[in-house]
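Thank you all for making time this morning.

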Amino acid sequence: MSLLHIHGLNYSLSIFYQFKPILMHTFRILFCLLLTGSAWAQTNVTIRGTITNPLAETVTFRVQKNPLDYPGETIELRLDKAHSFELKTNIGQLARVSFKHGSEESENGFDTWILEPGDDVVMTVDAKKFWETLRFTGKNADKFNYYVADYVESDIKRKWGERAYGNRQLPIEQQYAFLDTIERVKLQLLEQYRPKVSPFFYTVWYADTKGMVANYRLGALFSNASASSPPTLASLSPVLRQFMDSMPTQNDTTALADNYVGYLTQLNWVATNDMLKAMRRGPLKSAEQVAMTRLSYQGKMLERQWADGVSGSLAYYGITPDIQQSYDEFNRVYPNSEYKSLLEKKYTTKLAMSKGRPAFPFTLLTEQGNKVSLADFKGKVVYIDFWAHWCGPCISEMKPSKVVKAHFANNPDIVFLYLSLDQEKHRDKWLAAIKQHDIKGLHVIAPGGFGDPVAKSYDINGIPSYFVIDRAGRFYAVNPPRASEDNGKPLIAVLEKALAEK
């Protein structure tokens with residue numbers, strides 16, 4: 001090394017030691033920024049709160065950041081000594097938040113309120129007088145206080161939801177007149193808060209409010225139709241159809257309004273059913289549904305509706321050739337979709353349930369407290385019915401299923417296994433429902449409900465859900481035809497085919 005380099009090195013070292021304290025302090029700051037930077041990036045919404053007269057030691061939030069990711073992430077927070085809590089999370093353009101404190105039966109909570117980036121509020125409430133005392137302060141607090149005012153006016157004072165359902169037996173003209181009042185008053189309150197909330201929130205919630213009332217209108221149409229006179233949109237008078245002309249337009253913002261999206265979905269379903277009845281043909285295949293979706297929607301609304309349709313089909317039917325085609329086409333059209341990762345997750349889950357894949361093992365207790373494992377039935381065909389005592393659609397299938405069970409009454413190679421998602425605290429109601437509805441078969445209970453490991457492994461997001469497991473303990477059919485379809489004949493055919501495969 002040359003003398004010049006040696007002198008240069010010594011000079012550099014002398015400079016380093018001279019400024020070492022400053023440099024080390026700078027390094028410490030940079031290191032802390034690196035450690036905390038990710039945490040900062042993960043927080044753009046904060047909800048702090050204090051509960052007077054708490055009814056439990058915890059509060060529970062549910063945050064849904066993607067409309068396909070229902071019900072979203074559940075976050076349970078323990079109250080500190082001051083009965084306070086703090087929720088910090090990071091969201092995209094919009095998320096929905098629900099809150100619960102106390103027992104399931106209590107009304108101490110709110111559901112699916114909109115969160116926006118930058119929300120930073122403080123919530124105070126007396127748990128014994130929840131809605132009378134619920135208040136918000138802080139950044140964007142007016143939006144939350146609007147929700148409180150709307151709930152008090154609509155649900156507590158006027159009980160509009162209960163009354164709308166109670167009116168189902170009235171002539172449809174009277175039902176629509178009542179719904180006109182609901183819409184008018186709710187939109188008047190929203191207008192009062194318009195200067196206090198963001199334009200983005202106002203647009204989304206305006207569409208949500210219109211969509212909510214419009215869904216009641218379509219529901220009223222069905223409730224008034226007799227079996228001899230099927231409901232059609234054409235059966236409405238021009239005056240009663242005016243609500244469709246006043247609905248918001250499809251755009252990237254209204255595509256985030258869940259109630260509005262739900263209205264469009266139901267409207268499209270009604271119109272498609274009317275068309276199929278006129279053509280005297282059966283339900284659309286998955287590819288035909290995609291074609292109708294592409295005709296009915298546009299922009300972000302099309303992307304969301306298409307993704308939701310594929311997700312729903314995967315969830316209910318699993319992977320069929322028709323659904324595979326729709327899945328592949330969506331990924332081709334939207335290679336960078338915000339829904340892609342969720343669809344891939346759903347697809348991977350259902351791939352594990354494809355015909356011939358091993359069924360997921362479980363061991364549960366019968367109503368007598370005896371252990372039963374799926375493996376106990378190897379060599380037999382198992383028909384699994386996920387249900388619960390409170391599930392109306394589940395119960396409605398119990399009577400038709402008697403015809404199916406009677407058909408196989410003398411066949412020892414088939415097992416009808418009823419897997420209840422009633423939580424352990426509802427055990428008595430589960431047992432009472434078995435007796436009340438005379439549900440013959442083998443009964444077991446997954447005491448964790450939808451959160452039970454068995455329900456999660458079988459991807460149960462709604463009930464009833466059905467599975468047929470073959471003699472080798474493999475998936476044979478996901479959600480086969482229901483017992484109520486054509487007097488049980490399609491389901492009987494599936495079970496007989498499964499029995500015939502050795």
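Predicted model: local features only at pLDDT ≥ 70, side-chain atom pairs only at ≥ 80, totals over all residues.

In which loop does K159 lie? K159 sits in the loop between α4 and α5, where helices (H or I, at least four residues) and strands (E, at least two) are DSSP runs numbered from the N terminus. Residues are numbered from 1 along each chain as its sequence is written, and side-chain values use heavy atoms, with hydrogens and water left out.

Coming back to K159, its phi is near 50°, a positive value in a residue other than glycine, and at 38% relative accessibility K159 counts as partly exposed, a class that lies between buried, under 20% relative accessible area, and exposed, over 50%, with a 1.4 Å probe and protein chains only. H83, in the loop between β3 (73-78) and β4 (84-89), also has a positive phi without being glycine, near 60°, and H83 is partly exposed at a relative accessible area of 33%. A further backbone detail is the cis peptide bond joining I463 and P464, with omega about 5°; P464 belongs to the loop between α17 (453-457) and β14 (465-469).

For the chain as a whole, there are 18 helices and 15 strands, and buried residues make up 43% of its 502 residues.

Let me turn to the sheet. Seven strands form an open sheet with mixed pairing, in the order β10-β9-β13-β12-β11-β14-β15, where two strands pair if DSSP finds at least two bridges between them. Its edge strands are β10 (371-373) and β15 (475-478), each of which pairs on one side only. Strand β9 (residues 363-366) runs antiparallel to β10 and is joined to it by three bridges, with L365 standing opposite K371 in β10. T366, also found in strand β9, counts as buried because its relative accessibility is 3%, and, leaving aside its neighbours within four places in sequence, T366 is in contact (heavy atoms within 4.5 Å) with V372, R427, W430, L442, H443 and V444.

Grid points are joined across faces, edges and corners, and a volume is the space filled by probe spheres set on the points.

The second largest pocket holds about 910 Å³ of space, and of the 31 residues lining it, D111, T112, Y151, D155 and W205 lie nearest its centre. The structure also holds three cavities of 30 Å³ or more, and the largest cavity has a volume of about 40 Å³. That largest cavity is lined by A164, N167, R168, Q175, F178, L179, Y216 and A220, and the largest share of its lining, three residues, comes from α6.

Technical notes
1 Å grid on protein atoms, 1.4 Å probe; cavity = no way out; pocket = protein on both sides within 12 Å on 5 of 7 lines; lining within 4 Å.
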